[in-house]
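Dear colleague,

I am passing on the structure we spoke about, and I would be glad if you would look through it with the notes that come after it.

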Amino acid sequence: FEETSVIRCDYLDGRFQGLAVTRYTDSTCFMIPYADGVATGIGEQYARNGARLAFGMSHNGTRLGTWEYRNDAGALIGIEDHGDGTGEGSAFSWNPDGSLSAIGGMRAGRMSGRWTYVYPNGMMSAAGAYVDGTPEGIWQTWYENGGLRSRGAYRHGDRVGEWMEWR
């Protein structure tokens, strides 16, 4: 989200204090309380139509526990488990029809470890690993019918070496 402005927040000694309300260019609004300039409390993001898009807890500027993400129609589209504030946990996302679209790990708030992506019909669409939010190592993709589509490697987010593709 591209931030356009903090439209409401108190300041104490030049730091945010109390409820901060931020409006983004896509007309969504994010609200979270601050204490001594650090996000601490329940964070919520709302769509223009009033639907809650995100909900979760932060403490000392770090997301804690489970954060939920919904589309503007209210359907659940993602869950991130930030654990005890280390940012390590699991993440899940869903397609608009409610079927699972991805599952993977989080570390320090970034995609980490093995991730699997799934077509709405339940067949895998891609699988591979992330390190600090960047694709790393062997990745494979499949066609919606289950046939292998491609296989190759990433290094620091860039495709390297030979990539095999099947048609």
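This is a predicted model: local features need pLDDT of at least 70, side-chain atom pairs count only at pLDDT 80 or more; totals for chains, interfaces and linings use all residues.

Residues are numbered from 1 along each chain as its sequence is written, and side-chain values use heavy atoms, with hydrogens and water left out.

The protein chain has 15 strands and zero helices, where helices (H or I, at least four residues) and strands (E, at least two) are DSSP runs numbered from the N terminus. Taken along the principal axes, its C-alpha atoms fill a box of roughly 60 × 30 × 30 Å. Of its 167 residues, 32% count as buried; buried means under 20% relative accessible area, exposed over 50%, and partly exposed in between (1.4 Å probe, protein chains only). The chain exposes about 9,800 Å², of which carbon and sulfur atoms supply 50%, the areas coming from the Shrake-Rupley method with a 1.4 Å probe and, for residues, with only the protein chains shown counting as cover. Among contacts (heavy atoms within 4.5 Å) with a separation of 6 or more, residues 24 or more positions apart account for 5%.

Turning to the rings, the structure holds eight aromatic pairs. Rings of Phe, Tyr and Trp (its six-membered ring) pair if their centres lie within 6.5 Å, with planes under 30 degrees apart counted as stacked, over 60 as edge-to-face and the rest as tilted. One of these pairs is formed by Tyr154 and Trp163, edge-to-face at 5.3 Å centre to centre with 80° between the planes; Tyr154 is buried at a relative accessible area of 19%, and Trp163 is buried at 16%. Ring pairs also join Tyr154 and Trp163 with Trp115, Tyr117, Tyr130 and Trp139 into a cluster. Over the face of Trp163 lies Arg159, at 3.8 Å from the ring centre, a charge being taken to sit over a ring if NZ of Lys or CZ of Arg is within 6 Å of the ring centre and within 35 degrees of the ring normal.

Arg52 likewise lies over a ring face, that of Phe55, at 4.1 Å from the ring centre. Arg52 also forms a salt bridge with Glu44, the closest N and O atoms being 3.1 Å apart; the term requires a side-chain nitrogen of Lys or Arg within 4 Å of a carboxyl oxygen of Asp or Glu. Arg52 is partly exposed, at 35% relative accessible area, whereas Glu44 is buried, at 18%. The whole structure has two salt bridges, and Arg70 meets Glu68 in one of them at 3.2 Å, N to O. Arg70 is partly exposed at 28% relative accessibility, and Glu68 is partly exposed at 28%.

On the surface, Phe92, Leu100 and Ile103 form a nonpolar patch with about 200 Å² of accessible area together. Patches are made of residues with over 30% relative accessible area and no salt bridge, like charges being joined within 9 Å and nonpolar side chains (Val, Leu, Ile, Met, Phe, Trp, Tyr) within 5 Å. Leu100 belongs to strand E10 (residues 100-107) and is partly exposed, at 31%.

Finally, Thr141 lies in strand E13 (residues 134-142). Its C-alpha atom is separated by 7.8 Å from that of Met124, 17 residues apart along the chain.

With kind regards
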